[in-house]
Amino acid sequence: MRRFSRAPLLPEAGQGGAPLTAVIAVISSLACLALAAFILIASASNAWTDELKSSFTIQVKGVDAEEIGERLKSAQEILSSTPGVENIKVVESKDAAKLLEPWLGKGNADALNVPALIEVKLNKEAQTDVAALSERLQSISPGVILDDHGGWNDRLADAARSGQALAFAVFALIMGAACAISIFAARAGLSANQEVVSLLHLVGATDDFIAREVQRRFTVIGLRGSMLGLLAATFLLTLFSFATRARGGEGFFLPGLTIGPELLIPLLSVPFAICLVTAIAARLTVLRTLRETY
Amino acid sequence: MIVRFDNVGLAYEIGAESLKDVRFTLNEGEFRFLTGPSGAGKTTFLKLIYLALRPTRGRMTLFGQDVTDAERDMLPPLRRRIGVVFQEFRLLDHLTAFENVALPMKVAGVNQQQYREDVRELLNWVGLGSRMDALPQTLSGGEKQRVALARALVSKPDLILADEPTGNVDPQMGEKIMKLFVELNKLGAAVIVATHDLQLVQALGKRTMRLDGGRLYEDPPMRASGRMR
């Protein structure tokens, strides 16, 4: 029976329930995408730096092929006695010269005395002392140089940090927009319901009571809208994940975007954050407006 | 003492004072009629008492508390002790008759189980037992008046203010309403009824005040005509 229902004391009309839900849904989906970008960049950055930290390249230079061969052999001996070296791949001078053929033309690189290369893969758990290894290799000759990709690593970390900061800034801006929209909608709602608010006061309602009524309404709208936004964002991320895999991007540049708990749990917090922001903004706006107007 | 006005004046932002130098005291258990021509300031006088307005001059005391410059946090508990029947009803259109009557109880945080029977009883008493679920826009003027009356009385207020409470009801219902005010007054509630109906005033023989040109004049009690005995 209607008479025992918990009808809201502030009517739906005038507060734009459906448009507000739609706006919050859009805001929520953008916030989810910004957060997903933040997580994706963090995960990609970790994958890249892990890969770089667990491998390095040794460049073996010499005056001729014979000297390069000797130094290469010594270097291999040192590597074989170094704990934590999981795998080595030697790129002989002639093979390295072949790599330059697309730029220099066939046979032209042979005359350049191209250094040999050793690609070394480390066991991630072993914690190999790369600096000590570099010193031992240098003891063979200054022409044996260990490149631990430190420069690349730093640049990638910087780029990742910038990307994360940007994603976080976008997320914060979106939250600010949610806050601004709530303030606007709460003010419009109060203005449209002046008669109701005035009567509530006259029958003894406190400002806090009226603010709670508005807050309850905004919590419902916020939750409804932000859950819709989460669904939309999850759908878009799933499409993105399929697209990345279909292009073979996974494992090369982008670490495959998996819609798993490590992504979904943080994303689930977005509707609650938006709900909280909209409800608190609406409550504070109502309390302030009531004090100023009534 | 329920209400006390000491040289109260009230001026809206533009224009002269609507009320001038009003001195008035209403004690527990008193019943007063407020009469006067249209525009004399009857509604403004009642608005001051139910704290919709504050005096711009003088001092005003309500239930023993000076409310002239009271903080707004102090007002809701005082307003809950006052039942008001507004001239224009002021029912909430999105709430049913039942919900409108229950509003003061809901606002006061009373559990629905506790007030459900009181609300039903009051609506039955005003003859709207079958229209509890009706929205105000489907009610006639008289029915709205009765819902407004039930809402004013549901919380058993210490002070009842009624602005033309019989203006939209038939004479029989008007008498019934006035008798109810008299009964509530006997039970201890102070009552002020603003009305144009001088016959009704004379019939009850209660003390009368008259507002004219913003000034309040206290008339001697009128002799009851016996029409409503």
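The assignment for chain B, in what is a predicted model, divides the chain into domain 1, made of residues 1–81 together with 157–229, and domain 2, which covers 86–156. Taken over C-alpha atoms, the centres of domain 1 of chain B and domain 2 of chain B are separated by 22 Å, and the contact between them draws 14 residues from domain 1 of chain B and 13 residues from domain 2 of chain B. On the side of domain 1 of chain B that touches domain 2 of chain B, β7 (159–163) and α6 (171–186) of chain B each contribute at least two residues, and α6(B) provides the largest share, with 3 residues. Sorted by class, this side of domain 1 of chain B consists of 7 nonpolar, 3 polar and 4 charged residues.

Chain A has likewise been assigned two parts, with domain 1 running over 13–49 and 153–293 and domain 2 over 62–142. Here the C-alpha centres of domain 1 of chain A and domain 2 of chain A are 52 Å apart.

The strands of chain B come next, and one set is an open sheet of 4 strands in the order β2-β1-β4-β5, with antiparallel pairing. Its edge strands, each of which pairs on one side only, are β2 (17–26) and β5 (65–66) of chain B. At the β5 end, strand β4 (residues 57–62) of chain B runs antiparallel to β5(B) and is joined to β5(B) by 2 bridges, and T61(B) stands opposite D66(B) of β5(B). Helix α1 (residues 42–49) of chain B lies across β1 (3–11), β2 and β4 of chain B, and runs at about 125° to β1(B).

Which strands of chain B pair in the parallel sense over 4 bridges? They are strand β3 (residues 31–35) and strand β9 (residues 207–212) of chain B, and within this pairing R32(B) has R207(B) of β9(B) as its bridge partner. Strand β9(B) is also joined by 5 bridges to strand β10 (residues 215–219) of chain B, and these two run antiparallel; there, M209(B) has E218(B) of β10(B) as its bridge partner. The hairpin formed by β9(B) and β10(B) has 2 residues between the strands, and G213(B) in this hairpin takes a positive phi near 60°.

Turning to the place where the chains meet, 19 residues of chain B are in contact with 14 residues of chain A. On the side of chain B that touches chain A, the elements giving two or more residues are α2 (75–79) and α3 (97–107) of chain B, with α3(B) supplying the largest share, 5 residues. By class, the residues on this side of chain B divide into 12 nonpolar, 2 polar and 5 charged.

D129(A) is found in the loop between β3 (116–122) and α5 (130–140) of chain A. Is D129(A) buried, exposed or partly exposed? With 13 other C-beta atoms within 10 Å, D129(A) is partly exposed, because a residue counts as exposed at 12 or fewer such atoms and as buried at 20 or more. Along the chain, D129(A) and K73(A) are 56 residues apart, and their C-alpha atoms are separated by 21 Å.

Technical notes
Residues are numbered from 1 along each chain as its sequence is written. Chains are lettered from A and ligands numbered from 1 in the order in which they are written. This is a predicted model: local features need pLDDT of at least 70, side-chain atom pairs count only at pLDDT 80 or more; totals for chains, interfaces and linings use all residues. Two residues are in contact if their C-beta atoms, placed from the backbone, lie within 7 Å. Ala, Val, Leu, Ile, Met, Phe, Trp, Tyr, Cys and Pro count as nonpolar, Asp, Glu, Lys and Arg as charged, and the others, Gly among them, as polar. Domain bounds come from an automatic or database domain assignment. Two strands pair if DSSP finds at least two bridges between them. Axes are lines fitted to C-alpha atoms, for helices over the stretch in contact, and angles run from 0 to 180 degrees between N-to-C directions.
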